[in-house]
Amino acid sequence: MWATLDLGYWLCLLLAVPAAGFLVRLFMIQHDCGHGAFFRHRIANDWVGRVIGVVTLTPYDMWRRNHAVHHATSGNLERRGIGDVDTLTVREYLAMSRLRRLRYRLYRHPIVMFGLGPAYLFFLQQRLPVGLMRGGWRPWLSTMGTNATIAALIAGMMWLVGVGPFLLVHLPIMLLAASIGVWLFYVQHQFEDTFWARELGWNRHEAALRGSSHYDLPGILRWFTANIGVHHVHHLCSRVPFYRLPQVLRDWPELGVAGRLTLLDSLRCIRLVLWDETRQRLISFREMRHRRSTIGAGGD
């Protein structure tokens, strides 16, 4: 990309697409390391994960802790807030003030969710382990060590190629990869027939199988995303490395149709923003308004 800057920036931006894809794949390897799945030994998983975290701007130990909470609480309405996409029930949304409703609508807007949000998450939020004070020294050490290494690497690259060329090359890669990463995480749990339940009705295996999608992507995209679309199997057993997930689907074909979403199906998930506890599915703001007007007209 740097070598093409003199030929025209359009070519540099075109090359940012596969470069972002490689960065997403690196993040997925870091993800498997966090689950202790990529290598046999924990030391190898942890240190490869930490090194990759410098490139992905993701402090490994902090992320691993939050992600473990996500796996332990996914789909549990009473344990929301760590490592997930903020999701309100219809009743919670209607009980809010207008200002808080507006904030939720802005948060859920596609421009914020897949544009501004990913940039904020990777460039700012992950630079400090806010909220992890009780987690001991490891999240802070991981975050500060990652930040220092990132700063040194950026300074070295700017010295080597110049500030302008570095930003022109690296910013598009990071922004695109961050948006792709957030999109993948969103689609994995934010689909119409996903699973949410209160504590008494929550079950880890049911949440894994019904609350995680099987994002059935074309082959080249499966490679770049390291099979993370087979997310229901991943939540059922996170120690299965990504390169074994297709074998699981071949051995148990019934898992191939559970929670299946195609690329086209996934685009319809963008409008789903509220959990309807009565109908047990995610709905849009429009559906919520229509249901309220229907109930009101019927005198119910």
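Which helices each supply at least two residues of the lining of the largest pocket? In this predicted model, where residues are numbered from 1 along each chain as its sequence is written, local features need pLDDT of at least 70, side-chain atom pairs count only at pLDDT 80 or more, and totals for chains, interfaces and linings use all residues. Side-chain values use heavy atoms, with hydrogens and water left out.

The helices in question are α1 (9-34), α3 (60-73), α6 (110-123) and α8 (163-189); helices are DSSP runs of H or I, at least four residues, numbered from the N terminus. A pocket is an open set of points on a 1 Å grid over the protein atoms alone where a 1.4 Å probe fits, with protein on both sides within 12 Å along at least five of seven lines, and its lining residues have an atom within 4 Å of a point. Helix α8 gives the most, eight residues. By class, 26 lining residues are nonpolar (Ala, Val, Leu, Ile, Met, Phe, Trp, Tyr, Cys and Pro), three are charged (Asp, Glu, Lys and Arg) and 13 are polar (the others, Gly among them).

The second largest pocket has a volume of about 530 Å³. Of the 25 residues that line this pocket, L57, I154, F166, H170 and M174 lie nearest its centre. Two or more lining residues come from each of α1, α2 (42-56), α6, α7 (137-161) and α8, with the largest share, eight residues, from α8. This lining has 23 nonpolar residues, one polar and one charged.

Technical notes: Grid points are joined across faces, edges and corners, and a volume is the space filled by probe spheres set on the points.
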